[in-house]
Amino acid sequence: MNLETYYEYCISKKGVTEHFPFDQDTLVFKVGGKMFALSSLRQWEKGTPSVNLKCDPERAQELRAQYDDVKPGFHMSKIHWNTVAINQSVPDNLIKEWIDHSYELVFKSLTKKQQNEITELPN
């Protein structure tokens, strides 16, 4: 997966916005004002990209046990976030599935009003 593919996949989701809240390096994708994916642009440039994704705590543990390239979230809650190395042992289709999972977890945590506003946005 390259940066453009990652970017396009995340930004194409309904109601997603991009931000640089921490510094000019860390690209953050949010839905309803809450983070669901973040990644260092410098790491992409260096050829060692990774992405932090929110994950159900039980599933997060299972994925870490199953894949060497899935670690507890770097600079994040180790319970709710995983850091996934890109272009290593995890296939792109699984990374996309985990991006979807992260997005859904955050979307479901929003108020019903926020969810409805996002759902009603044009494609």
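This is a predicted model: local features need pLDDT of at least 70, side-chain atom pairs count only at pLDDT 80 or more; totals for chains, interfaces and linings use all residues.
The largest pocket has a volume of about 300 Å³. Its lining comprises 15 residues, with Thr26, Leu38, Asn52, Phe74 and His75 lying nearest the centre. Two strands, strand 3 (34-40) and strand 4 (50-54), each contribute at least two residues to this lining. Classified by residue type, the lining of the largest pocket consists of eight polar, five nonpolar and two charged residues.

Side chains of opposite charge can pair when their charged atoms come close. In the model, four salt bridges were counted. One of them joins aspartate 100 to lysine 13, with an N to O distance of 2.6 Å. Aspartate 100 belongs to helix 4 (residues 92-109), whereas lysine 13 is in the loop between helix 1 (3-11) and strand 1 (16-19); the pair therefore ties together parts that are 87 residues apart in sequence. Lysine 13 is buried, at 17% relative accessibility, while aspartate 100 is partly exposed, at 26%.

A salt bridge is also formed by aspartate 25 and arginine 42, whose closest N and O atoms are 3.7 Å apart. Because aspartate 25 is located in the loop between strand 1 and strand 2 (26-31) and arginine 42 in helix 2 (residues 41-46), this pair ties together parts 17 residues apart in sequence. Aspartate 25 is buried, with a relative accessible area of 8%, but arginine 42 is exposed, with a value of 52%.

Within helix 5 (residues 112-119), lysine 113 and glutamate 117 are four residues apart, about one turn of the helix. Their salt bridge has its closest N and O atoms 3.9 Å apart. Lysine 113 is exposed, at 61% relative accessible area, and glutamate 117 is partly exposed, at 44%.

Technical notes
Residues are numbered from 1 along each chain as its sequence is written. Side-chain values use heavy atoms; hydrogens and water are left out. On a 1 Å grid over the protein atoms alone, a cavity is a set of points where a 1.4 Å probe fits but cannot get out, and a pocket is an open set with protein on both sides within 12 Å along at least five of seven lines; lining residues have an atom within 4 Å of a point. Grid points are joined across faces, edges and corners, and a volume is the space filled by probe spheres set on the points. Ala, Val, Leu, Ile, Met, Phe, Trp, Tyr, Cys and Pro count as nonpolar, Asp, Glu, Lys and Arg as charged, and the others, Gly among them, as polar. A salt bridge is a side-chain nitrogen of Lys or Arg within 4 Å of a carboxyl oxygen of Asp or Glu. Buried means under 20% relative accessible area, exposed over 50%, partly exposed in between (1.4 Å probe, protein chains only).
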